[in-house]
Amino acid sequence: MRDTVTVTLLLSALCLLPAADTAFARETIGVVRTASGAATVTRGENTLPAAPGLKIMVGDTLGTGRDGSLGVILRDDSSLSIGPESRLVLRSFLFSPSEGKFGLVARITRGTMAYLSGMIGKLAPEKARFETPTSTIGIRGTRFAVKVEESSAR
């Protein structure tokens with residue numbers, strides 16, 4: 001009987017591990033500071049209207065329409081400003097200064113974006129990367145702007 005209880009407790013604990021991993025992976029990495037016009041945050045199957053205070057998580061897609069703009073502050077105090085008709089995915093973010101762990105990867109597939117680096121850009125600039133359909137931008141300074149145009153069919 002005692003072994004059965006022990007086995008049941010162990011199996012219950014193992015069932016909770018995937019839930020813990022999911023919760024960790026979905027931690028807040030930033031917040032929407034400003035939003036105007038058509039601006040959304042897509043998380044999985046859900047598209048949320050972007051509004052100041054909305055929490056941003058790894059995997060979120062930030063999108064704007066013809067009249068939209070979006071300002072986001074990440075946990076390391078990085079600032080992202082996204083212009084009209086833009087789409088940016090926050091692919092990964094790691095900010096744990098006490099452990100010396102840093103990382104930021106974002107992919108912009110269209111539109112405009114300006115970046116002002118926070119602590120990751122200052123402490124580990126080689127760990128920050130922005131991808132476009134045709135290039136990769138590494139951080140070697142504190143700010144940059146990029147415009148990604150849709151490719152025309154030839």
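Is Arg 66 buried or exposed? Arg 66 is exposed, with a relative accessible area of 71%, where exposed means over 50%, buried under 20% and partly exposed in between, computed with a 1.4 Å probe on protein chains only. The structure is a predicted model, in which local features need pLDDT of at least 70 and side-chain atom pairs count only at pLDDT 80 or more, while totals for chains, interfaces and linings use all residues. Residues are numbered from 1 along each chain as its sequence is written, and side-chain values use heavy atoms, with hydrogens and water left out.

A search of the whole structure gave seven salt bridges, a salt bridge being a side-chain nitrogen of Lys or Arg within 4 Å of a carboxyl oxygen of Asp or Glu. One of them joins Arg 66 to Glu 85, with 3.9 Å between the closest N and O atoms. Arg 66 lies in the loop between strand 5 (61–64) and strand 6 (69–74), and Glu 85 in the loop between strand 7 (79–82) and strand 8 (87–96), so this pair ties together parts that are 19 residues apart in sequence. Strands (E, at least two residues) and helices (H or I, at least four) are DSSP runs, numbered from the N terminus. Glu 85 is partly exposed, at 41% relative accessibility. Although Glu 85 is not a glycine, its phi is positive, at about 50°.

Asp 77 likewise is not a glycine and has a positive phi, of about 75°. Asp 77 is placed in the loop between strand 6 and strand 7, and is exposed, with a relative accessible area of 58%.

A further salt bridge is formed by the side chains of Lys 101 and Glu 99, at 3.3 Å from N to O. Lys 101 is partly exposed, with a relative accessible area of 42%, whereas Glu 99 is exposed at 53%. The side chains of Glu 131 and Arg 129 also meet in a salt bridge, with an N to O distance of 3.0 Å. Glu 131 counts as buried at 11% relative accessibility, and Arg 129 is partly exposed at 35%. Through salt bridges that share partners, Arg 91, Arg 129 and Glu 131 are joined into one network.

Arg 43 belongs to strand 2 (residues 39–43). This residue is buried, with a relative accessible area of 19%. The side chains of Arg 43 and Asp 60 are joined by a polar contact of 2.8 Å. A polar contact is a pair of N or O atoms within 3.5 Å; within protein, one atom must be able to donate a hydrogen and the other to accept it, and residues adjacent in sequence count only if both atoms are side-chain atoms.

Four aromatic pairs are present in the structure. Rings of Phe, Tyr and Trp (its six-membered ring) pair if their centres lie within 6.5 Å; planes under 30 degrees apart count as stacked, over 60 as edge-to-face and the rest as tilted. Among the four aromatic pairs is that of Tyr 115 and Phe 130, which is tilted, with 4.7 Å from centre to centre and 55° between the planes. Tyr 115 is in strand 9 (residues 101–116) and Phe 130 in strand 10 (residues 128–131), and the pair links distant parts of the chain, 15 residues apart. Both Tyr 115 and Phe 130 are buried. The ring centres of Tyr 115 and Phe 144 are 5.5 Å apart and the planes are at 40°, so this pair is tilted. Phe 144 lies in strand 12 (residues 143–148) and Tyr 115 in strand 9, so the pair ties together parts that are 29 residues apart in sequence. Both Tyr 115 and Phe 144 are buried. Ring pairs link Tyr 115, Phe 130 and Phe 144 into a cluster.

In soluble globular proteins, nonpolar side chains tend to be buried together. A nonpolar core is defined as a set of buried Ala, Val, Leu, Ile, Met, Phe, Trp, Tyr and Cys residues joined through side-chain atoms within 4.5 Å. The largest nonpolar core has 32 residues, of which Leu 62, Leu 80, Met 113 and Phe 130 touch the most other members. At least two residues of this core come from each of strand 1 (28–36), strand 2, strand 6, strand 7, strand 8, strand 9, strand 10 and strand 12. Strand 9 supplies the largest share, six residues. Not counting residues up to four places away in sequence, Leu 62 touches residues including Val 41, Ile 56, Leu 70 and Leu 90, contact meaning heavy atoms within 4.5 Å.
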